[in-house]
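Here is a brief report on a model. Take a look at the sequence and structure before reading on.

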Amino acid sequence: MGRAVAIIGTGQTKHGRRNDVSYPELVREAVIAALEDAGITFKDIEGVVHGTMPSMMEGISDTHLYFADAMGAVGKPVLKTETCGSTGQSIAHCGFYWVASGTADIILVVGSEKMFEGDGQATMTTVADPWFTKQFSAGAPMVFTMQSMEWIYRFKIPEDKARDAAAIISVSNHENALKNPYAHLRQKVTIEEVKNAMIITYPVRLMDVCPASDGACAIIYASEDKAKKICKKPAWIKGLSFRGEEFFYGESNKSIWPSATEAAKEAYSQAGIHDPLKELDVAEIYNPFTYQEMIFYECFGFCPRGQAPDYVVKGTFLMDGQLPCDPSGGVLCTNPIGATGLIRLAEAVLQVTGKAGEHQVDGAKLALSHAMGGIDQFNGITIVGSEL
Amino acid sequence: MRRVGITQLAQSSGVESKENLMDLTYWVNKEVLDKVGLQRDELDCIIIASSDIFHSGLSCANAFDWDGAGAFMLEATRAEDSMFSFIYGCMRIMSGHFDTVLVTSIVKGSENAENDALTSFFADPFYLRPLGMNETTAAALQMRAYMQRYKITEEQCAKVVVKNLGNAVFNPHAHIKKKVSVEDVLNSKVICDPLKALECAPKSDGVVSIILASEDKAKELCDKPIWVKGFGSAMDHFNLGDRDLLNGQLPIAASHAYKMAGIRQPRKRIDMAEICEPYAFQELLWCEKLGFCDEGEGGKLIDSGETQMDGAFPINPSGGVLAMNPYVSRGMYRIVECALQIRGKAGEHQVDKKVKTALAHGTHGFAGQCHSVVILER
């Protein structure tokens with residue numbers, strides 16, 4: 001169905017606190033890196049897709065206007081799509097459909113955030129409606145902790161067991177980040193340190209939570225013909241999907257998270273995947289919170305409901321496990337929100353094209369990338385493979 | 001490439017609605033679904049356009065927009081501008097992955113701050129914003145340059161207001177409707193020299209929905225689909241000082257759309273146009289850039305009377321953005337009006353001539369930093 005579409009280049013900034021560059025310069029850094037990776041120039045780009053978190057994040061609205069020059073978009077068509085935290089996946093999907101439509105052959109997709117120039121948590125409380133929900137909002141941790149507790153109680157998971165598994169996830173993500181030159185937090189942590197870290201919202205502790213980062217990511221899409229001409233080893237889009245639930249948090253069952261479950265199901269059916277645990281080689285899951293990562297394992301069909309902690313303890317999702325998850329160190333170690341979902345895809349591309357360097361999963365051919373957003377409301381998935 | 005057709009459309013009025021944003025969204029989207037006889041979960045995809053925090057008081061506006069738009073558990077996404085979402089909706093159908101896409105754009109201007117306060121956030125916080133730059137001040141610079149370079153007169157700019165607000169009297173959805181004279185416009189308060197109050201668009205509510213479909217599906221869903229023949233958009237430099245404000249990127253956006261639609265002589269092939277003119281003079285300037293008249297001849301075009309509703313080349317029979325300005329939605333309102341004119345269903349503001357091909361234009365950013373063009377045909 002439709003034209004085949006490939007990713008022929010990816011670029012990331014060094015993520016972290018980037019006082020050395022302005023916001024447009026940060027964007028430029030990722031764009032140039034992607035062009036160099038693809039071996040093409042601005043002249044080859046036919047259109048640009050951009051997205052970030054909402055305006056208040058950095059105090060500028062409609063940032064595609066601000067970054068027109070940085071993205072090399074002057075004189076070119078631009079589209080801007082945004083869906084909160086899942087923006088990275090939404091802009092990735094937009095680039096895909098643009099090329100698939102046949103109206104362009106090479107499209108640049110850019111996601112960015114410079115979180116040290118704003119107040120991320122204050123911004124996030126404005127996602128809630130001003131009348132009913134906002135009074136109860138305390139940024140991201142409140143929502144994601146509620147979801148984690150709902151899951152723990154729904155499946156009668158002993159709190160200690162969930163705690164231990166979450167600590168393993170934190171330790172392994174931090175270990176992976178040490179091998180990723182772009183990662184923001186690059187430090188070794190121990191199980192004890194995670195379990196004794198400051199409580200943010202019980203039972204979530206400091207090392208269960210992602211940082212706020214400055215960073216940008218860019219990827220370049222090409223049609224089948226162009227990709228085969230330009231790129232020795234493109235990554236092919238195998239499946240993609242986006243689903244969202246009700247706005248009011250209490251209206252859906254977050255312990256089995258329908259949007260995550262259905263988005264995965266749709267993407268698997270497009271990619272012809274029946275047993276994701278066996279067929280996927282690697283997954284880049286949007287994991288700003290350790291406990292929540294386990295809910296994703298279940299929604300994505302990596303393990304039965306309520307059993308994610310057992311699989312985590314078994315080591316299923318470690319670098320040397322059956323399905324390595326977030327070999328990049330994930331969102332837990334790097335989170336420039338508007339770029340984060342796109343970084344997941346860029347990392348999945350690096351894996352299936354064998355370019356991930358020290359955090360390469362050997363022989364990875366099929367990878368899942370994911371992002372989540374809204375008030376625990378949206379999930380987007382893109383699956384890439386090394387074979388057309 | 002697959003053909004994309006407009007099957008049905010629905011629009012809210014521009015005046016302040018008693019409904020809250022979610023209900024307003026729901027009613028318009030329900031109306032368009034009822035018109036084609038589909039349930040929301042029979043749609044393949046929904047694309048929402050809305051603004052983040054500045055135009056609805058909520059950030060990540062898609063979170064709130066989702067329910068009213070009917071997007072629960074459907075393939076859906078959100079764009080920052082209604083022309084973007086329309087073009088993206090067309091692309092999704094052209095890709096072959098979807099047969100029906102509902103495109104909706106959502107703004108409730110009556111519930112938030114003035115446009116100038118909001119558009120000042122387009123400016124970067126370090127250089128431009130401290131200078132007081134916003135959409136109006138940028139437009140004033142552009143108008144002054146236009147008057148000086150091409151000897152366009154204030155009277156010619158004022159005539160656009162007289163025409164468009166006069167047209168709006170016949171449009172039941174328009175926000176501002178009144179008969180005004182050139183003198184009324186020239187004597188209205190100076191907002192930002194040389195712009196006068198009546199030359200600046202208001203701030204309006206506006207929810208608008210269109211159901212797009214692939215060729216076969218469109219023919220199944222309605223008697224006479226209106227075909228999307230072409231679209232294009234283009235971006236200009238961010239800094240005003242890097243740009244010639246009278247030579248922006250609109251010709252590029254238009255050339256993409258014309259090429260796709262196979263149009264070589266726009267003035268001959270196109271029967272009427274809906275132009276996004278938040279400031280009166282911009283209708284004249286954009287007409288030049290779209291190739292409807294020669295460079296610097298925008299003033300003569302309005303003088304000729306051809307762009308009147310009963311003229312040879314009607315522009316903005318709906319009343320345009322001067323009569324109704326739901327910021328993010330304003331581009332899609334242009335498309336809706338073109339579709340109504342092509343169908344002959346515009347009612348009292350139906351133009352005199354037969355409309356086969358129509359052009360809709362949208363813009364956002366300072367002095368037309370980003371332009372989009374869509375061409376529709378019977």
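What share of the contacts in chain A with a separation of 6 or more comes from residues 24 or more positions apart? The share is 78%. Two residues are in contact if their C-beta atoms, placed from the backbone, lie within 7 Å.

## Basis and confidence

This is a predicted model: local features need pLDDT of at least 70, side-chain atom pairs count only at pLDDT 80 or more, and totals for chains, interfaces and linings use all residues. Residues are numbered from 1 along each chain as its sequence is written, while chains are lettered from A and ligands numbered from 1 in the order in which they are written.

Chain B has an average pLDDT (the predictor's confidence in each residue, from 0 to 100) of 96. In chain B, 99% of the residues score at least 70. For the model, ipTM is 0.97 and pTM is 0.97.

## Chain A

Chain A contains 14 helices and 11 strands. These are DSSP runs, numbered from the N terminus: helices are H or I with at least four residues, strands E with at least two.

The C-alpha atoms of chain A fill a box of roughly 55 × 45 × 40 Å along the principal axes. Of its 388 residues, 65% are buried (20 or more other C-beta atoms within 10 Å of a residue's own, all placed from the backbone).

## Interface

Chain B puts 50 residues in contact with 52 residues of chain A. The elements of chain B that give two or more residues to this side include α3 (61-69), β8 (226-235) and α10 (250-261). The largest share, 6 residues, comes from α4(B).

Definitions and conventions
Buried ≥ 20, exposed ≤ 12 C-beta atoms within 10 Å, placed from the backbone.
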